[in-house]
Amino acid sequence: MNERILNVRVGARVEDNLERAAAMMSALERGEPTPPYFGVGFQTASQMLAVFTPKRWELLATLRQGGAMTVTELARRLGRNYKNVHNDVERLIEWLAVEKDAQGRITAPYSEIVVDVILPETVAA
């Protein structure tokens, strides 16, 4: 079973990414195995929701349940217009959520997509 996880982060600071990279480098120097990290980030929740819309979550779920398929087959299963599904697939490819294989079939390669939203700091009253 594929255990790849896509980490979608909203509001992450650059320092968070640098700390994760430093920890991974330290583990590699010690000879410890490090799992691959797949992640995309957004500054705001509205930016994330513009990419991961309800229709696109449904598309991802259909791919997870049905396995690799063409955009035509995906559109048929979703009961949606081919052009709209194709546009959604292209957008999700840009954000690493789906992949296209050499035969042109689309897959959702992750066993999980974890969405992590970091709320802004609170101002002291």
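I began with arginine 56, which counts as buried because its relative accessibility is 11% (buried means under 20% relative accessible area, with a 1.4 Å probe and protein chains only). The model is predicted, so I kept to its limits: local features need pLDDT of at least 70, side-chain atom pairs count only at pLDDT 80 or more, and totals for chains, interfaces and linings use all residues. Residues are numbered from 1 along each chain as its sequence is written, and side-chain values use heavy atoms, without hydrogens and water.

I placed arginine 56 in helix H3, residues 54–66 (helices are DSSP runs of H or I with at least four residues, strands are runs of E with at least two, numbered from the N terminus). What does the side chain of arginine 56 make a polar contact with? I found the side chain of aspartate 88, at 2.9 Å (a polar contact is a pair of N or O atoms within 3.5 Å, one able to donate a hydrogen and the other to accept it). Leaving out residues up to four places away in sequence, I listed Ala50, Val51, Asp88, Arg91 and Leu92 as touching arginine 56 (contact means heavy atoms within 4.5 Å).

I then turned to the whole protein. I noted five helices and five strands, in the order β-α-β-α-α-α-α-β-β-β from the N terminus. The radius of gyration is 17 Å, well over the 14 Å that the globule rule gives for 125 residues, so the protein is more spread out than a compact globule (taken over C-alpha atoms; the rule is 2.2 Å times the number of residues to the power 0.38). I recorded 26% of the 125 residues as buried.

Technical notes:
Buried means under 20% relative accessible area, exposed over 50%, partly exposed in between (1.4 Å probe, protein chains only).
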